[in-house]
Amino acid sequence: MSTAAIATSASEKTTIGTTAATAATTTSARLGMMLTDLRLPTIKRLAGDLCAQSDTEGWPARRFLEALLEHEINEREARRIDRHRNESGLSADKRLSSFDFTAVPSVSKAQVMALTQGTEWLDRGANVLLFGPPGVGKSHLVSALGHALIDAGRRVLFTRCSDLVQRLQAARRDLRLPQELAKLDRFDLLILDDLSYVRRDQAETSVLFELISERYERKSLAITANAPFSQWGEVFVEPAMTLAAVDRLVHHSTILEMNVESYRRRAAQAGHAPPGRKARSTT
Ligand code: ADP
Ligand code: MG
């Protein structure tokens with residue numbers, strides 16, 4: 001073959017190659033647009049690689065289709081869980097993995113784990129109540145429970161009880177308390193941290209009572225409190241209201257009593273070593 005002929009054939013190949021590449025680019029741009037229209041970002045991102053892998057390995061069409069859809073579904077679920085965690089108000093670091101159960105012997109780890117594994121108690125509107133003095137890990141444990149429930153696909157909102165009461169009070173003033181309570185319905189679990197710090201005036205406690213009544217046997221509450229029920233009279237003011245609130249809360253509930261010494265104080269005394277481990281090593 002003459003040098004000219006070789007040159008021609010090479011340039012033809014280049015032209016054909018370029019045309020094929022242009023066609024592929026056009027197809028993939030079109031595919032990209034369709035996937036954007038259909039809101040399938042994961043398939044859009046992975047389509048190129050998966051098409052190539054499928055072509056090279058000769059996948060049957062069904063396998064290819066299933067692989068694409070599985071990726072989209074898995075990522076969609078992960079994005080949903082991320083969204084739920086972002087809206088939850090939970091501290092990122094208060095997890096079960098960082099909670100030392102040996103520091104609170106009165107709390108059964110198995111019982112807490114059971115609450116995270118079978119989550120149907122949320123469908124019954126059952127409650128979790130955590131009692132104990134300051135610093136014993138109530139907020140940490142209830143947050144850890146919240147994170148685990150989000151991992152299980154549930155929606156959780158963590159709020160300081162006094163903040164929520166203020167929000168509900170403002171809603172009542174604007175005559176939109178029912179709407180505000182209805183908004184909270186989208187959460188399977190509403191965590192009210194530090195019930196005992198609610199200011200003791202009638203208007204505040206009655207919105208709290210309405211919240212408890214509204215969710216009763218429908219939607220779950222998790223409440224932490226320094227004071228046991230005997231002192232809730234100070235929170236609800238009217239004895240009849242206290243009785244009715246306590247009655248509704250405990251009817252279907254898991255009660256976690258955390259009557260130990262403050263974890264913070266013990267950690268400080270132990271030179272920041274986790275109290276549980278310190279205790280074991282000294283016995
Ligand atoms: P409470 O809500 O009962 O006042 P916190 O949950 O705020 O207590 O706990 C105080 C601090 O000690 C937090 O930083 C928390 O993460 C930590 N802490 C408490 N108990 C434990 C525990 N058992 N394991 C690990 N950290 C704990
Ligand atoms: Mg707390």
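Tutor: Helices (H or I, at least four residues) and strands (E, at least two) are DSSP runs, numbered from the N terminus. This is a predicted model, where local features need pLDDT of at least 70, side-chain atom pairs count only at pLDDT 80 or more, and totals for chains, interfaces and linings use all residues. Residues are numbered from 1 along each chain as its sequence is written.

Now the cavities. A cavity is a set of points on a 1 Å grid over the protein atoms alone, where a 1.4 Å probe fits but cannot get out; lining residues have an atom within 4 Å of a point. Points are joined across faces, edges and corners, and a volume is the space filled by probe spheres set on them.

The structure holds 2 cavities of 30 Å³ or more. Take the second largest cavity, with a volume of about 30 Å³. Its lining is Val-112, Leu-115, Val-128, Leu-130, Leu-141, Val-142, Leu-145 and Leu-256. Helix α5 gives the largest share, 3 residues. At least two residues each come from α4 (109–117), β1 (127–131) and α5 (138–151). By class, 8 are nonpolar, with no polar and no charged residues. Here Ala, Val, Leu, Ile, Met, Phe, Trp, Tyr, Cys and Pro count as nonpolar, Asp, Glu, Lys and Arg as charged, and the others, Gly among them, as polar.

The largest cavity has about 40 Å³ of space. Its lining divides into 4 nonpolar, 2 polar and 4 charged residues. Among them are Arg-215, Glu-217, Lys-219 and Arg-248. Both α8 (202–215) and α10 (239–251) supply at least two lining residues.

Key: Chains lettered and ligands numbered in written order. Heavy atoms only, no water. 1 Å grid on protein atoms, 1.4 Å probe; cavity = no way out; pocket = protein on both sides within 12 Å on 5 of 7 lines; lining within 4 Å.
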